[in-house]
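Have the sequence and the 3D view open as you read.

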Amino acid sequence: IALVSASGESPDPLYQKLAGLLAWDESRRISIRVTGSKMKRFENGYWSSKPPFGYITERHPEGGSILVPKPGEAELVSEIFEKYSSGKYSLRELQRWLNASLSEKQKSRRGINQILQSRVYLGEVPYGRYVDSEFHPKPETAEWRPGKHQALVAPDIFDRVQQILYE
């Protein structure tokens, strides 16, 4: 006597192993397609995740999303870099100043530090920071390329901030 299920599932161990293998293969195929699509967006300078502080995303007519400066926040990002590059402000002082300027979500010192280290504000897009798949191992370092979005910080100010951060 054979037990047959209306849902197509079977208690047969061989069937369960076969179903698991097919599911794994489908997951691998999806991962390869998604990773290829993300890589193409990166090569073309598009953004493919949640926008960072100071930006919003906007659909591009040719496909993909680009970062657009968010009014009110973009100016604060530029000012954060200006103030820190002067050498007169600590991360704690910047945190107090920024949080007094924000009516929404408050920033931690770690959040300010991440803003100050991010090359996104130079008009670049990263690839590899968030890659985490058994089919595509995470690269040791993120790769950065010119993006289609407007930079919020001049390269000389960004470089000065990096010097101060790593002194």
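This is a predicted model: local features need pLDDT of at least 70, side-chain atom pairs count only at pLDDT 80 or more; totals for chains, interfaces and linings use all residues.

## Starting at Phe53

Setting aside neighbours within four places in sequence, Phe53 is in contact with Glu73, Leu76, Val77, Leu98, Leu102, Lys107, Ile115 and Tyr121.

## The nonpolar core

Nonpolar side chains tend to be buried together in soluble globular proteins. Here, the largest nonpolar core has 29 residues. Phe53 is among those with the most contacts inside it, along with Phe81, Leu116 and Tyr121. The elements giving two or more residues to this core are α2 (73–85), α3 (91–101), α4 (109–117), β3 (124–127) and α5. Which of them gives the most? That's α2, with six residues.

## A look at α2

So what does α2 look like? The helix has 13 residues and reaches 18 Å from first C-alpha to last, close to the 18 Å expected at 1.5 Å a residue. Its buried residues are Glu73, Ala74, Leu76, Val77, Ile80, Phe81, Lys83, Tyr84 and Ser85. The cover over them includes β1 (55–59), β2 (65–69), α3, α4 and α5.

After α2 comes glycine 87, with a positive phi near 80°.

## His149 in its loop

Now for histidine 149, which sits in the loop between β4 (143–146) and α5 (155–165). Is His149 buried or exposed? At a relative accessible area of 8%, His149 counts as buried, because the cut-off is under 20%.

The His149 side chain reaches the backbone oxygen of Val120 at 2.9 Å. Not counting residues up to four places away in sequence, His149 touches Tyr55, Leu67, Val120, Gly123, Glu124 and Val125.

Key
Residues are numbered from 1 along each chain as its sequence is written. Side-chain values use heavy atoms; hydrogens and water are left out. Helices (H or I, at least four residues) and strands (E, at least two) are DSSP runs, numbered from the N terminus. Buried means under 20% relative accessible area, exposed over 50%, partly exposed in between (1.4 Å probe, protein chains only). A polar contact is a pair of N or O atoms within 3.5 Å; within protein, one must be able to donate a hydrogen and the other to accept it, and residues adjacent in sequence count only if both atoms are side-chain atoms. Contact means heavy atoms within 4.5 Å. A nonpolar core is a set of buried Ala, Val, Leu, Ile, Met, Phe, Trp, Tyr and Cys residues joined through side-chain atoms within 4.5 Å. The expected span of a helix is 1.5 Å times one less than its number of residues.
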